[in-house]
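Student: Could we go through this one together, a piece at a time? I'd like the terms spelled out as we go.

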Amino acid sequence: MTEAARAAATSPSGLSGQSAVDDLVALLDLERIEENIFRGVSPAESPVRVFGGQVAGQALVAAGRTVPVERRVHSLHSYFIRPGDPRVPIVYEVDRIRDGRSFTTRRVVAVQHGKAIFSLSASFQIDEQGVEHSSEMPAVPDPETLPTWSESVAGYSLVNLKFPRPIDVRYVTEPPWESREDGPGEAASRVWMKADGKLPDDPMLQLCVMTYASDMTLLDGVLARHGVYWGLDKVLGASLDHAMWFHRPFRADEWLLYDTSSPSASGNRGLATGRFFTRDGALVATVVQEGLIRVIKPSGDGAQA
């Protein structure tokens with residue numbers, strides 16, 4: 001691993017702010033082992049399994065480092081295969097599927113303990129001009145008028161309070177840990193989010209940080225619809241797959257509105273969709289994810305892990 005990544009993995013600088021952002025940038029700076037093989041690590045303070053946004057962001061970094069800089073990623077499709085172990089490094093193996101005149105395709109497999117834990121396919125394209133249109137951003141309050149994440153969680157015993165948060169998140173809708181007190185609600189969530197500090201001027205890094213952040217609140221709408229939340233109710237969950245389409249340039253250290261909803265849940269799986277808008281209303285990315293959601297009923301007759 002790089003020296004910066006090693007430092008971030010063994011001695012976290014802080015839970016938020018510029019130091020947490022610097023640690024995230026370091027963790028996304030993968031070590032090149034061979035021509036198409038890279039190695040990444042997890043933060044010193046991590047959940048019992050690797051955060052899905054981290055492995056997706058690192059896999060996209062690995063893919064991007066085998067592609068010319070003038071080709072930008074426009075879509076990715078991925079599957080979470082096994083839980084990641086934060087105590088050991090993750091090896092990313094890149095397969096150079098195709099290098100065409102306009103498009104480049106890469107496939108990445110993340111490996112731990114000799115087994116695949118995650119796979120990603122990403123497509124890159126040269127800049128082209130053509131037809132263009134976009135959905136309109138919903139009307140929402142400015143992020144500065146909303147409570148910080150720390151203010152929102154005050155008084156709640158959430159499981160992720162002790163882990164670094166390099167992403168500043170401000171809830172436009174009522175946070176699911178609050179809305180659950182009123183029972184099932186709307187299957188939707190809106191937050192403003194951005195890196196909690198300054199990022200380097202690297203377009204690929206901006207995309208990878210957004211990929212990391214996109215997994216943070218995406219399933220909130222599923223949980224809100226059923227009036228439950230991680231750690232406060234008997235809910236078991238995990239990301240199953242993750243797809244993103246990048247439409248326009250943006251900076252991940254400037255405010256982005258993440259407008260998410262859940263059109264369906266069935267078979268212990270919840271589907272969530274999300275749209276990222278810049279502050280001036282440009283739609284810059286679309287996200288779709290299916291997650292495992294097992295709600296264990298108090299009677300004990302619910303689904304088991």
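Tutor: Let me begin with a definition: angles under 35 degrees count as roughly parallel, over 145 as roughly antiparallel, 65 to 115 as roughly perpendicular, and the rest as oblique. This is a predicted model, in which local features need pLDDT of at least 70 and side-chain atom pairs count only at pLDDT 80 or more, whereas totals for chains, interfaces and linings use all residues. Residues are numbered from 1 along each chain as its sequence is written, and side-chain values use heavy atoms, with hydrogens and water left out.

Student: OK, at what angle do α3 and α6 pack?

Tutor: Helix α3 (residues 52–64) and helix α6 (residues 203–214) pack at about 155 degrees with their axes 7 Å apart, the axes being lines fitted to C-alpha atoms over the stretch in contact, with angles running from 0 to 180 degrees between N-to-C directions. The two helices are therefore roughly antiparallel to each other. Helices here are DSSP runs of H or I with at least four residues, and strands are runs of E with at least two, numbered from the N terminus.

Student: And which residues of α3 and α6 meet?

Tutor: From α3, Gly53, Gln54, Ala56, Gly57, Leu60, Val61 and Gly64 meet Met204, Leu207, Cys208, Thr211 and Tyr212 of α6, where contact means heavy atoms within 4.5 Å.

Student: Switching topic, is Ser75 buried or exposed?

Tutor: Ser75, which lies in strand β3 (residues 71–80), is buried because its relative accessible area is 6%; buried means under 20%, exposed over 50%, and partly exposed in between, using a 1.4 Å probe and protein chains only.

Student: What does Ser75 touch?

Tutor: Leaving out residues up to four places away in sequence, Ser75 touches Ser121, Ala122, Ser123, Met244, Trp245 and Phe246.

Student: Now Pro184, where is that?

Tutor: Pro184 sits in the loop between α5 (176–179) and β8 (188–195), and Pro184 counts as exposed because its relative accessibility is 57%. Pro184 and His226 are 42 residues apart in sequence, yet 4.5 Å apart in space, C-alpha to C-alpha.

Student: Last one, how do β1 and β2 pair?

Tutor: Strand β1 (residues 31–34) pairs with strand β2 (residues 37–40) in the antiparallel sense over three bridges, pairing requiring that DSSP finds at least two bridges between the strands. A hairpin joins β1 to β2 through two residues, and the bridge partner of Arg32 in β2 is Phe38.
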